[in-house]
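Subject: Structure for you to look at

Hello,

Here is the structure I promised. Please open it and follow along with the notes below.

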Amino acid sequence: MGAAMACVCLLAIAPASGSRPSVGGLRADNANLASKSRAAVLELYSLDTQLTNAHGRLISVEDQTATLRAERGTLTQEIGAARLDARLSRHRLASRLRFIYEHRDTSSLDVVMGAHSLEEAMTQLDDYNRVAASNADVLTQVLSSRRSLSRLSRDLADRERMLARSLASTSAQVSQLEELAASRTAYVAELSRQQSSNAAQIAQLSAIAQAADVRSQLLAATAASTPGAAATTAAPVFVSATIQAPVTAATTPAPGGHTLTVTATGYDLAGHTSTGVPAGWGIAAVDPSVIPLGTRIVIPGYGVAIAADTGGSIVGSSIDLWFPSAAQAYAWGRRTVTIAVN
């Protein structure tokens, strides 16, 4: 039974594993948060550089796209002019072909004999020869113009497709980097919020620890100055684990207080409590959601204690009282008592 009771005492103490974190744990958590925050800020700097470069590439691609649009406009005008030239060339070619057709059976002698003068004959012969010689040139120019227009149009279309893909890729990269930067910024803000929350809890726990220390000193001073009270507060009252020891006067709550029926156990481990106060007589481990830390409580058969510790097994209406030795904690045992909470 002694081994079982020792296990109960070990479970009851658990200073740093309670529902309320300890000051040391919060400080360690804050140091970890600060390290994560520094790493996130460095990552943000890197993202900012990448985002600046991506914005530069996006502006360059947009400028190239604008230049290409201007080239497309110029080419459209050139294509229109070339088509007009092609139509005129076709008309001229048709006229020359018609002239050749009309004079296909005409010999040079017929031209000379039909002319009114030698000068007129020479002029007609020159026109005939010039038209015949230029037919091939006209056809070559028309075909070359069409091929040139087709090639320019294909090249421009290829450049437009490449720029469109580059613009889409760069825009997607910029959007991805902006989302990642926003996520990192929110992460840094959350880390800062957690650090602020931990700092507030540290300040609260430190204040509770100081208040508990002051109350312990007041209790010790009261016990030293009141002989009757010394027997109650300076030394524990040992009773059987099966015998209730109600103290009616002691458990009457002060104005504004109340009574609470709890299961009380005992522990004897040394060290510091979750609030930072050294473990000692008059320290009680509680569930802070039921009995707030720093609360003064009166326990029948034990005396006055301060709620200044937590424990992993102290949940709900349970308290764990400190004793100087395992024998005294064993003698206290586990009992149901009605306490005064002030």
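Start with Trp281, which is partly exposed, with a relative accessible area of 22%. Buried means under 20% relative accessible area, exposed over 50%, and partly exposed in between (1.4 Å probe, protein chains only).

A word on the source: this is a predicted model, where local features need pLDDT of at least 70, side-chain atom pairs count only at pLDDT 80 or more, and totals for chains, interfaces and linings use all residues. Residues are numbered from 1 along each chain as its sequence is written, and side-chain values use heavy atoms, with hydrogens and water left out.

Now the rings. The structure has five aromatic pairs. Rings of Phe, Tyr and Trp (its six-membered ring) pair if their centres lie within 6.5 Å; planes under 30 degrees apart are stacked, over 60 edge-to-face, the rest tilted. Trp281 and Phe323 have ring centres 5.7 Å apart and planes at 75 degrees, so this pair is edge-to-face. Phe323 is buried, with a relative accessible area of 1%. Tyr302 and Phe323 also form an edge-to-face pair, at 5.3 Å centre to centre and 85 degrees between the planes. Tyr302 is buried too, with a relative accessible area of 1%. Ring pairs join Trp281, Tyr302, Phe323 and Trp332 into a cluster.

Look next at Arg335. Its charged end sits over the ring of Trp332, 3.8 Å from the ring centre. The test is NZ of Lys or CZ of Arg within 6 Å of the ring centre and within 35 degrees of the ring normal.

Best wishes
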